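Hi everyone, thanks for making time for this.

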Amino acid sequence: MTDSRQAGDRKLWGGRFAEATDGLVELFNASVGFDQRLAEQDIRGSLAHVAMLGRQGILTEDEVAEITAGLHGVLADIRAGAFEWRLDREDVHMNVEAALRDRIGPVAGKLHTARSRNDQVAVDFRLFTKEAALDLAGKTRELRAVMLAEAEKHLETEVILPGYTHLQVAQPILLSHWFMAYVAMLERDEGRFRDAAERMDESPLGSSALAGTPWPLDRHATARELGFARPTANSLDGVGSRDFALEFLSACAILAAHLSRLSEELILYSTFEFGFITLPDSHTTGSSIMPQKKNPDVSELARGKAGRVFGNLMGLLTVVKGTPLAYNKDLQEDKEGVFDSYDTLSIVLRLYAEMMPKTVWHADVTRAAAARGYSTATDVADFLARQGVPFREAHEVVGGLVGLASRTSRQLWDLTDEELRAAHPLLNAGVAQQLTVQESVRSRQSFGGTAPDRVREAIVTAKQALNP
């Protein structure tokens, strides 16, 4: 067969093909626009592979040395921004290999001995995703430490905040207790990333296309050299599975949901109607037409971007659900969602770690809000229950008092002795006056409750978990 194309322009896989790839197919097929991000991982994998080929006697020392030097040269060009990424070379792997061939000649072709792009991309992507999981775990830990410090700071003055259910005032809580709720969520988020990184700590390198290889490889050695705990146990699974990316995206989605909930609360609390907080100028923006506006754009974008992170998980789930073993081109769609989720959460975590210590809480406003909405009604019912009244009866009595107070635009402590005694003989104005938001908070002594002593204990425990 003759081929009019120049040798340097031929596909590295083109021996079987008599016709050049259609231009639109090249554009549709190429992934180099995004997977060039894996260049460092790709060259690390190649360096480990060629070193192992030398140790196993598959390549000579001179061949290993020449290929290794060439790979370092390609990597230096990439890091310097002097590398030409070519669409016709399809992906990061073929771009690197072709550049290596341009640099050192035909010996570059020996690098691909006992290797397929299938195990090559799998090891690149596992390396990236493992590193991304550990990086997000670290950034989550940093935000967790910030929220813990805020909890400790606001415990000194026992700032009280209304607690909500159904976004209706429910019971008063310490602001520190609110912070500690997010500390608990972030601790679990960090754990999910670390668990995922541990499970994906396997090297697919050496699985070859799908069935393994007849070459005498040392897969354990390449796994160790790349920082993996072990090689994958099954070659089909090694090249064809992407559950490590799914688990990473799942952890990302849960973290994004937690950050979105935090964002929603900060957006509400910063409104004129709530007035609980003032967000820092450094993390808000203004309006092009309304000079008085101070918009919580960081929180709104964090809330909005959660949808993209959720979509990345659903996108990959949809891709893998119908792909038979082993590798299919569909799996080219696995990377962009991982890159996007990692990038999105990296910046959101950093922004919140910077923003939260600069956010001002207005303790007088939050305390007044906690006192409204009959937030101590449960305390009145608990008082009656402690006197031997069945709680359901106490609940009905206090519900009637709340109805009376609501109809006459008063709080429970504004009701008269006569009105309280009429509801139940054990009640009087003195009892109602004693049931303040501060006393309500201090009474919640159960483990994990909002009483200052319990929150203090929680902070100590959380510090020990953060700095074991």
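Okay, let's jump in: helix 3 crosses helix 5 in a right-handed way. Helices here are DSSP runs of H or I with at least four residues, strands are runs of E with at least two, and both are numbered from the N terminus.

Quick housekeeping. This is a predicted model, where local features need pLDDT of at least 70 and side-chain atom pairs count only at pLDDT 80 or more, while totals for chains, interfaces and linings use all residues. Residues are numbered from 1 along each chain as its sequence is written, and side-chain values use heavy atoms, with hydrogens and water left out.

Back to our pair. The axes of helix 3 (residues 39-55) and helix 5 (residues 92-104) come within 10 Å and cross at roughly 60 degrees. Axes are lines fitted to C-alpha atoms, for helices over the stretch in contact, and angles run from 0 to 180 degrees between N-to-C directions. So helix 3 is oblique to helix 5. On that scale, under 35 degrees is roughly parallel, over 145 roughly antiparallel, 65 to 115 roughly perpendicular, and the rest oblique. Who makes the contact (heavy atoms within 4.5 Å)? Helix 3 brings Ala39, Asp42 and Ile43, and helix 5 brings Val92, His93 and Val96.

Now try another pair. Helix 11 (residues 297-320) and helix 12 (residues 335-355) pack at about 155 degrees, with axes 10 Å apart. So helix 11 is roughly antiparallel to helix 12, and the crossing is left-handed. Their contact includes Lys305, Arg308 and Val309 of helix 11 and Thr344 of helix 12.

Let's zoom in on Thr344, in helix 12. Is Thr344 buried or exposed? Thr344 counts as buried, because its relative accessibility is 6%. Buried means under 20% relative accessible area, exposed over 50%, and partly exposed in between, with a 1.4 Å probe and protein chains only. Leaving aside neighbours within four places in sequence, Thr344 touches Lys305, Arg308 and Val309. Thr344 and Arg308 are 36 residues apart along the chain, yet their C-alpha atoms are separated by 9.0 Å.

Most residues other than glycine have a negative phi, and most peptide bonds are trans. Ser208 has a positive phi near 60 degrees and isn't a glycine. Find Ser208 in the loop between strand 3 (202-203) and helix 8 (219-225). Tyr374, also not a glycine, has a positive phi of about 55 degrees. Tyr374 sits in the loop between helix 13 and helix 14 (377-386), and counts as buried because its relative accessibility is 18%. Gly373, which follows helix 13, has a positive phi too, near 75 degrees. As for peptide bonds, the one from Leu325 to Ala326 is cis, with omega near 5 degrees. Ala326 lies in the loop between helix 11 and helix 12.

Finally, zoom out. The protein chain has 19 helices and 6 strands. Its C-alpha trace spans about 105 × 50 × 40 Å along the principal axes. Of its 468 residues, 49% are buried. That's me done, thanks!

Definitions and conventions: A crossing is left-handed if the near helix is turned anticlockwise from the far one by less than a right angle, and right-handed if clockwise. Contact means heavy atoms within 4.5 Å.
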